[in-house]
Amino acid sequence: MHKAISRILFYEKHSSICFSYNSMQRYVTQIENNDDKKGKVSNLKKYWLDKYVNYIKSYEATLSKNFPKTMGLYRMFVYGTQNYISDLKVYLVILKKHSLDGLDSLTRDEIQLAHSIHKDVIKAAPVILISLIPFTNYAIIPLAYFFPRQMLTHHFWTPEQKIDFTLYYYSQRFKYSRPLFHCMESKANHINDQILKTKWSGIIACLGSGGQPTVESMVSCIALFASSPYSLDTLESKHMNKLLGIHELSVWKPFRKQRLKERGLLIKRMDDAIIKEGGVNTMSVESLSWAVSFRGLNSVNMSTESMKDWLEQWILLSTSVDNSTLSLLLHGPILLAYNHINNLKLLYNK
């Protein structure tokens, strides 16, 4: 009896071991089979995905060949939207950096983007949002295509449009240059200090005769921009309107003096950032062109060296300016660009 029980126990033990081993072996085999199936499915998916991508590319090429204008319009809107959204993302990073580290931590490019993005959002956001509504893109995109300057930002413009629209905006600004110069000229007789009056009259006469006064002579008269007659607190309404216009600021919005002061601080902050980052020699051609045009000089067809030379003169003037004499910097488009050949060409062609 004892031997029989022992045999039964021995058989059950070895049977369970064999059963466990067989079960494990079947499980491993099943996993390997599943892996093989997954690999085959994955390869199949990759194959069809590649086929689909190649089909889309060939279809896009066919459309580009048969409908070049339509596809050009499509690409313009898609790429423009991508660049627009990219700038918005960068702007959000700038806002976070500004809140954590302060305004002085921003680079020149970040200050530039933070300034320009507000106008871009107001201008392009309605077009992009409306185009997201089903079927409206059939109307809004062609409409924006025919009126790109009014409805779209530089993200959507072609290189030719960028030049044409830049020249248009220059002409709108420069129509204020001569009236602003006359306002400055009329105030020269209201200077009480005879030494300053003599110096300033020489600068006005130089500008009026087509010459270019030196930055040193302007800095020597900087006291005139800290008080009467050229400080922001003492400017007449007509004079202030011309100053707003030459800086592309609306004359109809309220708080004109405050907006001019903010623009002066913005320019001063950009100038300081240029100095901090190594000067004009470290700037790209695109950055130089934007910086020169933002300060009131037509940069179209200017050489890189000419832009550097002019911007260096502006920076030299800016280093002498503080918060009490921001008005001198705001009058810089007249003092440094009034008789420049690029501005004269644009006004003459007009």
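Predicted model: local features only at pLDDT ≥ 70, side-chain atom pairs only at ≥ 80, totals over all residues.
User: What is the handedness of the crossing of α7 and α10?

Analyst: α7 passes α10 in a left-handed crossing. Left-handed means that the near helix is turned anticlockwise from the far one by less than a right angle; clockwise would be right-handed.

User: Which residues of α7 and α10 meet?

Analyst: From α7 there are Ser-177, Pro-179, Leu-180, Cys-183 and Met-184, and from α10 Lys-238, His-239, Lys-242, Leu-243 and Ile-246. A contact is a pair of heavy atoms within 4.5 Å. By class, this contact of α7 with α10 has six nonpolar, two polar and two charged residues. Ala, Val, Leu, Ile, Met, Phe, Trp, Tyr, Cys and Pro count as nonpolar, Asp, Glu, Lys and Arg as charged, and the others, Gly among them, as polar.

User: How many helices and strands does the protein have?

Analyst: The protein has 16 helices and zero strands. Both are DSSP runs numbered from the N terminus: helices are H or I with at least four residues, strands are E with at least two.

User: At roughly what angle do the axes of α10 and α11 cross?

Analyst: The axes of α10 (residues 237-246) and α11 cross at roughly 40° and come within 11 Å. That makes α10 oblique to α11. The angle classes are roughly parallel under 35 degrees, roughly antiparallel over 145, roughly perpendicular from 65 to 115, and oblique for the rest. The crossing of α10 and α11 is left-handed. On the α10 side the contact is made by Ser-237, Met-240, Asn-241, Leu-243 and Leu-244, and on the α11 side by Arg-256, Lys-257, Arg-259 and Leu-260. Its residues are four nonpolar, two polar and three charged.

User: At roughly what angle do the axes of helix α3 and helix α11 cross?

Analyst: The axes of α3 (residues 108-131) and α11 (residues 256-276) cross at roughly 155° and come within 9 Å. The two helices are therefore roughly antiparallel to each other. Their crossing is left-handed. Arg-108, Ile-111, Gln-112 and His-115 of α3 meet Arg-263, Leu-266, Arg-269, Met-270, Ala-273 and Ile-274 of α11. These divide into five nonpolar, two polar and three charged.

User: Next, single residues. Does Ser-318 count as buried or exposed?

Analyst: Ser-318 counts as buried, at 1% relative accessibility. Buried means under 20% relative accessible area, exposed over 50%, and partly exposed in between (1.4 Å probe, protein chains only). Ser-318 lies in helix α13 (residues 304-318). Leaving aside neighbours within four places in sequence, Ser-318 is in contact with Lys-268, Asp-271 and Leu-329. Across the protein, buried residues make up 37% of the 350 residues.

User: Where does Leu-224 lie, and is Leu-224 buried or exposed?

Analyst: Leu-224 is in the loop between α9 and α10. With a relative accessible area of 3%, Leu-224 is buried. Beyond its neighbours within four places in sequence, Leu-224 is in contact with Ile-191, Leu-196, Trp-200, Pro-229, Tyr-230 and Ser-231. Pro-229 lies in the loop between α9 (215-219) and α10.

User: What is the peptide bond from Ser-228 to Pro-229, cis or trans?

Analyst: Most residues other than glycine have a negative phi, and most peptide bonds are trans. The bond from Ser-228 to Pro-229 is cis, with omega near 10°. As for phi, Glu-248 has a positive value near 60°, and Phe-255 has a positive phi of about 60°. Glu-248 counts as partly exposed at 38% relative accessibility, whereas Phe-255 is exposed, with a relative accessible area of 66%.

Methods. Residues numbered from 1 in each chain as written. Heavy atoms only, no water. Axes fitted to C-alpha atoms, helices over the stretch in contact; angles between N-to-C directions.
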